[in-house]
Each structure stands twice: as structure tokens, then as C-alpha cells.
Amino acid sequence: MKLWGGRFTEAEDQRTEEFNESLSFDKRMYRQDITGSIAHAEMLGRQGIISQEDSAAIIAGLKGILQDIEDGKLVIEGDAEDIHSFVEAELTERIGEPGKRLHTGRSRNDQVALDMKMYTRDHIDELIGHMQALLDTVEGIMAENRASYMPGFTHLQKAQPTTLAHHMGVYRAMFLRDVSRLGDTRDRLNECPLGAGAFAGTTYPLDRDFTARKLGFRKPTENSMDSVSDRDYLLEYLFDLATIQMHLSRLSEEICIWNSNEYKFVKISDKYSTGSSIMPQKKNPDIAELIRGKSGRVYGALMSLLTVMKGLPLAYNKDMQEDKELAFDAMDTVQNSVILMKDMLATMSWNRARMEESAKLGFTNATDVADYLVRKGVPFRTAHGIVGELVLLCEQKGCALDDLTIDEYHTVCDEIDPDIYEAISLETCVRNRKTLGAPGALLETTNE
């Protein structure tokens, strides 16, 4: 029996029923649904809308249902339309007539809005925990590699020398911004829609402040129509998730590059690699590639929900049921990606000698030769041209700037003295870049 079946004379078409149901995916919100119903039942009893005896019976019945689901004694299945219908039907079967009073002063519209907000809030809290664990791993790599020299890149061309700590510090900054955004989203969504009814409130004397406090919300929502038609918080969270996945994708791309035979900067653990069905020598960075590839999936959820919401008149429309599968998939995808990235990074080994060699062979200290000449009184633009000629000379000889003899330097510029070698060593190049946020500042931190 449907909750709304009283005014219908014909049975629902089977295809319609299958197309309309949401139990198959919204059942994951059972804990939030039951918790919200307990708060609602307690409020109904306090306000005298139902008797204290019925309120107590409902609360005890709901707690029993929750415990049985958690213990695996009750399986969420059957022909119920959604999780709300399933719980109410199970409650009525267990406690009889009082169970039919649970929905007093409430609509499935404000009920599902509450469940989704609570589920999103819980997921944000869980994801922040996983993000903190990822940050701890990144910071551990930074602490161990403040003096691990490597080339920095622009346009995928070697540019200037840096350290692995400085490079990984970029992802630390990204992930810190992600955590900050998650906190902002959580704060904005933390208003309780319960009590809004279908959209126009109710004639019963509900205490919305009580249920809001009981459920951990900052306050009740202010407009009952907005309460049931708002999905801004979910769009905002999907944007947060898309941004996190984009950051993970950028790191995954670099791991794939660094793991290649041409670079050999890193070695990924066998736990996070796979092989080839035909080429026995292959060890592929599939987890990094999948994290990178799943970005489109998360972006798709954001764009899909934006499209669903763009033309909806107020207040609630069934189109909004489309939010759940999209959001749940994005939540699962990002959370799994964060956990796997953390574990992969924690088990990855770094070829520091190879990174340092790559920095030396890529003319990453060319800017430092120009700075050396500037300190000798040569105008920077002139110094820039001189160093360009020196790089051409090195390319002809197949060597690094560090390998040129003084006589070879003098064929291009007489201003260069033997102290050039110390001035352009990787350690000097990095150490002298000690403005706030630069790699040398991290080396200074190590020394202190």
C-alpha cells in the first residue's frame, strides 16, 4: 500500500512503479531517516500533538528498526517506494496504530530534504577525516624531502631547480583549500528543513527549534518553500568534490609521468599497480590513471544536477529525486580516490638521485647564471642573452652548465669567475630562493 494510495482507483503500472521507486538507492539514508523520525516523534509528544504514550512507542519502535538494520536482522528490500515508506510500514507492522501517527505534521518533501542534508553533512565530516589523513601523508613526504632536489617545470619543460618538499607543498595547499571549502559548505547547509511540510508548513504547533537542535543543526530554515526546493547545498558540495577530484587528478598525472621509464622519479608499490595480459614486463600505474579518469564522472554529477535544477518551478518537483544517485556516486568516487591516493603515496618510493640528476641535466640553473652576472653588474637583459649562448654551447657539447670549464665560459663572457660553480650548484640555487613560499624557505626551516 502506497502512502498516497487513498485517492487512486487503479494500480500503478509496473514500469511506472519501477521508474518511480527510489528505495534501491535512497536506502543508504536509513540512519538519517530514522534519526530524523525519532526527533520528529519526540517533538510531537512534547507539543501534545500526539500522546506521550504514542510518542514513546514510536521512538522505541524506530530504535528497534535501526538496531535490527545495523545488526543485519532487517534487510531493506521489498516493494516500498522509498526508504521513508519502508521505515513507516515496518514501524506500523511492529507497533500497530501509533505507527500511523508518525507522519503527523510532516511531508515526504521536508523528510527527504532533511535526510539528504543530514547524509551530506555526515559525509562531509567523514571526507574531512580522510582529507586530513591524506594531508598527514603529504606533510610526511615533505618533512623527509626538504633537501631532495628535483627539476621544477613550466610548460612541461624543465625550468628551475626545486625540492620534492616544495613540489608536494603545492598539493598540501590545494588539499587545505579543499578542507576549508568543505567546512564552509557544511556550515551553510546546517539549517534544518524539518517542519516545512510539503512547502507551506502545517497547522500543527510544531517546535522547529527543538528538532533542529536535537538533530545538530544550527537553526531551522527560514522559508518553508525554500526548505523543500533547495539543492544549492548539494550543488556546492558537488563542486567541492569536483575540485578535490581535479586536484587528485593533477597529482595522479604527475605520478604517471614520474613513474615512466623516461623519468623514473618514483616507484609505485605493487599494491597500487597492475600488469599487462600480453607484455610480462609491464607494471602500470592503473590506480593513478583511474583516479585521473574518474574526474569526468564527478564533473558529470555536478553538471547533471545543475541541469536538473535550472528550469524547475517552485516548490518541490519529482525531478529532484535525480539528485541522489548522482550525488551518492560522486561521494563514493571522491572518497575512494582520496583513500587510495593516501595509501599509494604512503607506499611510494622516491628515486632522489635520479631527480637530482634530472635537475642538473635540464639547465634548471640557467636563471641562476643570469642572476650571478647581474650581481657582477651586468644588466639582466644582457645577462639573459649571455646565458642563452651558454646553453647553446652546452647543447652542442652535450653537457650541463656545471660541466663547462672556465675557458669555455670565457668564450662567451669574461665576467664569469671560478666561483660560478658554487653559485649555480643545486643546493645554492635552491637555498638562495628563500622568499616566503619558496623552496629555500623550507631548507631554512630544516636548519632551524
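What share of the 448 residues in the protein chain is buried? I looked this up at the start. Buried residues make up 49% of the chain. I note that this is a predicted model.

**Entry: overall form**

I counted the elements next. The protein chain holds 20 helices and six strands. Then I checked how spread out the chain is. Its radius of gyration comes to 31 Å. The globule rule gives 22 Å for 448 residues, so the chain is more spread out than a compact globule. I also looked up the extent of the C-alpha trace. Along the principal axes it spans about 100 × 50 × 40 Å.

**Entry: contacts and surface**

I turned to contacts between residues at least 6 apart in sequence. Of these, 74% join residues at least 24 apart. For the surface, I found that the protein chain exposes about 21800 Å². Carbon and sulfur atoms supply 50% of that area.

**Entry: charges**

The protein chain has 52 positive and 73 negative charges. Their mean positions lie 1 Å apart.

**Entry: helix α3**

Helix α3 covers residues 30–46, which is 17 residues. At 1.5 Å a residue, α3 should span 24 Å. Its end C-alpha atoms are 24 Å apart, so the two values agree.

Is α3 mostly covered or uncovered? I found it mostly covered, with 13 of its 17 residues buried. I then looked at what comes after the helix. Gly-48 follows α3, and the phi of Gly-48 is positive, near 75 degrees.

How values were computed:
Residues are numbered from 1 along each chain as its sequence is written. This is a predicted model: local features need pLDDT of at least 70, side-chain atom pairs count only at pLDDT 80 or more; totals for chains, interfaces and linings use all residues. Side-chain values use heavy atoms; hydrogens and water are left out. Helices (H or I, at least four residues) and strands (E, at least two) are DSSP runs, numbered from the N terminus. The radius of gyration is taken over C-alpha atoms; the globule rule is 2.2 Å times the number of residues to the power 0.38. Buried means under 20% relative accessible area, exposed over 50%, partly exposed in between (1.4 Å probe, protein chains only). Contact means heavy atoms within 4.5 Å. Accessible areas come from the Shrake-Rupley method with a 1.4 Å probe; for residues, only the protein chains shown count as cover. Lys and Arg count as positive and Asp and Glu as negative; His and the chain ends are not counted. The place of a charge is taken as NZ of Lys, CZ of Arg, CG of Asp or CD of Glu. The expected span of a helix is 1.5 Å times one less than its number of residues.
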